[in-house]
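Hi,

Here is the structure I said I would pass on. Have a look at it first, and my notes on what turned up follow below.

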Amino acid sequence: MFDQRALQLVSSYVAAEEAFAKNFPKVCKELIVLMAAIAERLDYEWHKRAKIELGKESYVLSPDGDGGWKWEKADLTEEYDDVECDLWNSDTPMLPPTTAPKLLIGSSEQEEQTVDKVVISPPDHIDEQHWQELVESSAIHPDIASRNFRSLHTDPIEQANEAWEYVMYSDKISRRNDGRLRDGDLNRYQHLEQGGWWCSSGVDPRSFADLQPGDKPDNKLWGCFKPNEPRVKRDEHDQIIEGKFIKYEHPPKTDLSIFLLDVPDDVAGRIYDKAGVQPTESDRQSGFWYCVWKHNVPVTITEGAKKAASFLSQGHAAIGLPGIYAGYRSRDEQGYDIPPKLHPELAVFATKDREITFCFDYETRPKTVRNIEISTLRTAGLLEEQGAKVNVIRLPGPDKGVDDFIVNNGSEEFETLVEQAESLEEWHKHNQKIWDVKPIKKKLKPEEINNITNKLVNNSPGDPEPDDFRLTIFLKDGTERKLYEQKDGTVSTNVIRENLTDEEILSLGAKPRTPSQSETISSEIIPVESTHVSPDRNSPQVNEEPIQHWAKQRDVAILKNTIPRRQVEATENKFIALAAQALLTNYGIKHDDGSLIYRSDAFTIRKYRELYSIHRANDEKATYFLEPLMQFHVLPKNQVDILLQPKKMLSVERQEFLLVADYLTHGKKLPSLDCDTRELANSLSSLAPKGTQDSLNSIRDGEIIKIMHTVLSKAQSDQVEIDNYHIKSQRDSSAGKVYLRLFKLEDNGKSTEKIRFELTRTPTSVSNQLKIMTLDEFDLAQLKFIAKQLNIETHNQQHNSSASSTNSPESTNHHKTSANSPSQPTSSSDILLPLHPELATAWHKLEESVGWSSSANQGNEQFREKLQQQHKLTVGEQRELYFKILVQTKDEQMQLGRTDIILPNLSVITNDLLSLRRESINSTYTPIQKRSLDVKQHNNQVEYE
């Protein structure tokens, strides 16, 4: 029987299926969009909850391969380069400016003026949208905006935007033969055609010192341009970075400048009144910034032209930097590293007792915060070196810039913020709040990790204490990162903030506000014997003496190679390589095989083709450079590619190169080979040219004066010429002095004075003082050859003859006696000096009361032993001790949140020690000697008996 209901049911099913098939693509499309949104939200939630940011570092969860999860450090090798970058290059898309509800400008009575709308219409040279951005949204005084900013439009005659003239003016920009820009630059800067606003950088302060009364300083062409349509940002491979734009443009192929904006008289008067100065009419004619410079008016340093204009509008002299790193230079025009120095324009204002305040943006991203801290510390440190007093304004957030803060909070709140500025040291200490937590080794379950993550993210200093927990993070390389420490049954919840890296310690080398190393270095010490270089097996000499190393052969403590130690050594290795390159460049001699070689007293540095190598001095003779201590390539911009790590180089040998690196880092040039031999020995120590130490020893032992005197005596004359050498004796009867001088006729035909002795006669003695000494290895060899030809017995001959008779009882007694006498240093690098007062204070405090941390105490036994026995250390050892104390300050900061140890800049201590060593070299090798001798005069010649 036919069932009508079944037919209707089937028909309905078929109709529904047809409708579903018809709508299926649409449903799938909507489902894909929905799934993508869900995935995006899940990804957001995952990254939000599965990431820990501890100070400067981030840790994320990743699969461990066993079905579980583990924490990994993100961007472990990220570096914060010391480049003239600026944070104006926005990381977010540009948004149209919002209209501010009111205009805030500090008045002369320091009261807040609130204007519901801008009562002054924009001038003809500024567009309405730019006027709103500057005056309303950034609280800039209308007159300051009008004087310094202008909108750029298409020139009806040139049929091109004015921005091309303002931005692309450098003569270093590559152009075609007809003078037009090349296609690459035209395409790159095509966005200039859409216009924007331009801000001039103002006057050039470098002209202030040469101004005559009433003269006006020069104005600069340089400035910044904010395009209406910014160009997209690209990576190092010229690939577009989505969502990122370059917010501000500076003229390419030109040096960055600073913003010294033009200021109206009423604003200038308020600033003078605040500073308590009254410039003369002549000074005022030379301009506002001339008066600020001349009368030591306090200044504020901020980032960008708009923020500087906003500060000026509130009655504060403000200098705008084009970027946070633009206050100093760390690279030259070719991009090579140089010692950090202030920007030449900013340096004009680095005067004694001037108050300088920093105010950079409020940031939350760890990398950006890190960059702000580094740039502030380095720029401020250079300013303090010139005698300035530095403070820092801390923006409380969430307002990003000071202009945003003024607009949203008013002038009164802004002045309160200015009054709360911290000293540089207080500001830096405030940035170093540290968690003090102890780890346990435990693999956590996902729910435990989520619980800990929530505690880390949500708890902050002052919150109730979390549940008792401890955490160890295991990195991919097998090392552990210890993040927490349990004390008294509670856990502190301050976020760890990593301090500056080891490379930054080396470049700053200063106060304890720059401690390094985040990991704890193990105190394990591995005793080994120092390596010996084998003599040449093919040497024909059977009874050859053992090869003598410059560094004493002894058991040395090799510190355990932990992660922080590897980081420090990697940085030091770069400086060692650059020091070796500088020595080779300045003193190297080209050889027939095309190699460049520099031979010093202790080392030989060689460049063959593009390969640099460092050897001990005896390696050339023993193996012909087959046993290098280190091999490396030097790449552009002073980058170093190390092929052979200097693992065989002893600590004392490393310090010799690092001392030269310090010498170069602080802007000093290597001494000329024509300078005094004693200065060469002091500046370069064991890296001084070969023969330097032998020359000093010959002077100390009296060989040189004996040769010169004997030559004159045998010739019975007051002057003798032998080959290229001229020995002369001159008498000054009125002063009772005799000068014994050695000249050399150089290849260029000029005569150079190599030696000058000044002998002063008294009734009972003759004093001898060395005035000039520029002997090199060749000169010393020639003098000894002359002595040999004339049968003049030298100290070495006497030493050899005495050594040949050591079997006699007399000689045995003699050697026993001399063994007990104080030994002379074998090299200027071995000269022991009293511990520097700053180091001595810190050393005694740590030894007697505070106590060393395990990481800083590694290898200190040799220092204790030496200080107990001799109370002195070499310059290299004191440099090494300096960095050990810096590690101690870091550990105290980590454990206690503070340190009482304050060290001056490394260069201060090094300069003091080198001055002491210079005096010691003079007293050791060239002292003023008095001898009771009979002096006879023969034809203006002096004879000794």
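Let me start with Ile241: leaving aside neighbours within four places in sequence, Ile241 is in contact with Lys233, Arg234 and Asp235. Ile241 sits in strand β12, which covers residues 240-245. Its relative accessibility is 27%, so Ile241 counts as partly exposed. Before going further, please keep in mind that this is a predicted model.

**The whole chain**

The protein has 945 residues, and 46% of them count as buried. Its secondary structure comes to 29 helices and 41 strands. If you take the contacts between residues at least 6 apart in sequence, 65% of them join residues at least 24 apart.

**Two helix pairs**

A quick reminder for this part: two packed helices are described by the angle between their axes and the distance between the axes.

Take α12 and α13 to begin with. Helix α12 runs over residues 402-409 and helix α13 over residues 411-419; their axes come within 7 Å and cross at roughly 130°. Angles over 145 degrees would count as roughly antiparallel, and α12 and α13 are therefore oblique to each other. On the α12 side, the contact is made by Val402, Phe405, Ile406 and Asn409, and on the α13 side by Glu413, Phe414 and Leu417. By type, the residues of this contact of α12 with α13 are five nonpolar, one polar and one charged.

Now for α28 and α29. Here the axes of α28 (residues 875-896) and α29 (residues 906-925) come within 10 Å and cross at roughly 160°. That angle makes α28 and α29 roughly antiparallel to each other, and their crossing is right-handed. Which residues meet in this pair? From α28 you have Val875, Gln878, Arg879, Tyr882 and Phe883, and they meet Leu906, Ile909, Leu913, Leu914 and Arg917 in α29. The residues of the contact of α28 with α29 divide into seven nonpolar, one polar and two charged.

While you are looking at α29, click on Ser920, which is in that helix. Is Ser920 buried or exposed? With a relative accessibility of 16%, Ser920 counts as buried, the cut-off being under 20%. Not counting residues up to four places away in sequence, Ser920 touches Ile831 and Leu833.

Helix α26 takes in residues 837-850. At 1.5 Å a residue, its 14 residues should span 20 Å, and the end C-alpha atoms are 18 Å apart, so the two agree. Leu839, Ala840, Ala842, Trp843 and Leu846 are buried in α26. What do the buried residues of α26 pack against? They pack against α28 and α29, the pair described above, and also against α27 (861-869). After α26 comes Gly851, with a positive phi near 90°.

**α22 and the residue after it**

I ran the length check on helix α22 (residues 703-715) as well: 13 residues at 1.5 Å each should span 18 Å, and the end C-alpha atoms are 18 Å apart, which agrees. The buried residues of α22 are Glu703, Ile704, Ile705, Ile707, Met708, His709, Thr710, Val711 and Leu712.

Just after α22 comes Gln716. Phi of Gln716 is near 50°, a positive value in a residue other than glycine. Gln716 lies in the loop between α22 and β32 (719-722). With a relative accessible area of 70%, Gln716 is exposed, since the cut-off for that is over 50%.

**Backbone spots to look at**

As background, most residues other than glycine have a negative phi, and most peptide bonds are trans.

- Asn638 is not a glycine, yet has a positive phi of about 60°. You will find Asn638 in the loop between β30 (630-635) and β31 (639-644). At 16% relative accessibility, Asn638 counts as buried, whereas Gln716 is exposed.
- The peptide bond from Gly397 to Pro398 is cis, with omega near 0°. Pro398 is in the loop between β18 (389-392) and α12, and α12 is the helix that crosses α13 at roughly 130°.

That is what I have so far.

Cheers

Notes:
Residues numbered from 1 in each chain as written. Predicted model: local features only at pLDDT ≥ 70, side-chain atom pairs only at ≥ 80, totals over all residues. Heavy atoms only, no water. Axes fitted to C-alpha atoms, helices over the stretch in contact; angles between N-to-C directions. Helix = DSSP H or I, 4+ residues; strand = E, 2+ residues; numbered from the N terminus. Parallel < 35°, antiparallel > 145°, perpendicular 65-115°, else oblique. Left-handed = near helix turned anticlockwise from the far one by under 90°. Contact = heavy atoms within 4.5 Å. Nonpolar A, V, L, I, M, F, W, Y, C, P; charged D, E, K, R; others polar. Expected span 1.5 Å × (residues − 1). Buried < 20%, exposed > 50% of the residue type's maximum accessible area, 1.4 Å probe, protein only.
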